[in-house]
Amino acid sequence: MILSERIQKTPSSEFVGILGGMGPLATIDLLKKIVLQTDAACDQDHIPILVFADPATPDRTSALLQAEAPSCIPFILNGIERLTASGACVIAIACNTAHYWLPEITQNCSVPVLNMIELTSKRAQEVLPAGSTVGILATQGTISAGLYQRELMDRGLPTIEPSREGQANVTRAIEAVKRNELVEGAFALQSAIVDLRDAGANAVVLACTELPILLELIDTTAFAGLLLIDPTNILASECIRLGNAFRERNRCRSSFPGPHLFGASNE
């Protein structure tokens, strides 16, 4: 009788960590984009992911703009600690406004934290002619902090912000997504995009993770020729790039729980 021992693969030990909950549907949107962008023929071809989503995290715009508002930092750092303790080797934060605290976050994190603002601005620089005007649609917190404005200007791309009415529409769109009222949100977002197009934008960054969710409900032919940039999609691509390396290393790990008798005979 020929005895042989089948190699036993071990569970994954390296993961991409997703810090979500800000908001819940935006977290799902990032995960969906990661799965749909992945070149896979079976389950095992997808990347290893850990998700921590605590929707109790205080509102990021309020924390940024209102001195008396509760801080979201303890919630963010708690989520990151839980992810790294479970095997996350890189962290992606599914919230643009939370990147305001990225310097403090990285100082308190033992693994790299992806910078969605930087990744998106770099992609915009790659696809847009120098000097193109980029409109920013985001929470009032992200706009007030100048997160995208500084990064894009440093790359030779001037920016414009919505009018007061346009910003009100952006806020309505974001809040509608959080209420799961997507049709209402899509109508408000379309108005905000038109506002920036009419103000001279060559491209528009949907710089809140709620906003790209609404694109499927918008007639984009209304602003043909205007480039819409989705930071969630760009973050998903970077998660896949890093996650593929983790997946390959995880695949290489194997164990032999029984005797290693390859080709040995026992008559």
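Here is a short chat about a few residues in this predicted model.

Modeller: Quick ground rules: residues are numbered from 1 along each chain as its sequence is written, and side-chain values use heavy atoms, with hydrogens and water left out. As the model is predicted, local features need pLDDT of at least 70 and side-chain atom pairs count only at pLDDT 80 or more, while totals for chains, interfaces and linings use all residues.

Colleague: Is Asn96 buried or exposed?

Modeller: Buried means under 20% relative accessible area, exposed over 50%, and partly exposed in between (1.4 Å probe, protein chains only). Asn96 has a relative accessible area of 2%, so Asn96 is buried.

Colleague: Which loop holds Asn96?

Modeller: Helices (H or I, at least four residues) and strands (E, at least two) are DSSP runs, numbered from the N terminus. Asn96 sits in the loop between β5 (88-93) and α4 (102-107).

Colleague: How many aromatic pairs are there in the whole structure, and which residues form them?

Modeller: Rings of Phe, Tyr and Trp (its six-membered ring) pair if their centres lie within 6.5 Å; planes under 30 degrees apart count as stacked, over 60 as edge-to-face and the rest as tilted. Searching the whole structure turns up one aromatic pair. With 5.1 Å centre to centre and 90° between the planes, the edge-to-face pair is Tyr100 and Trp101.

Colleague: What does Ala201 touch, leaving out residues up to four places away in sequence?

Modeller: Ala201 is buried, at 8% relative accessible area, in the loop between α9 (182-198) and β8 (203-206). Counting contact as heavy atoms within 4.5 Å, Ala201 touches Thr133, Gly135, Ile160, Leu196 and Leu226.
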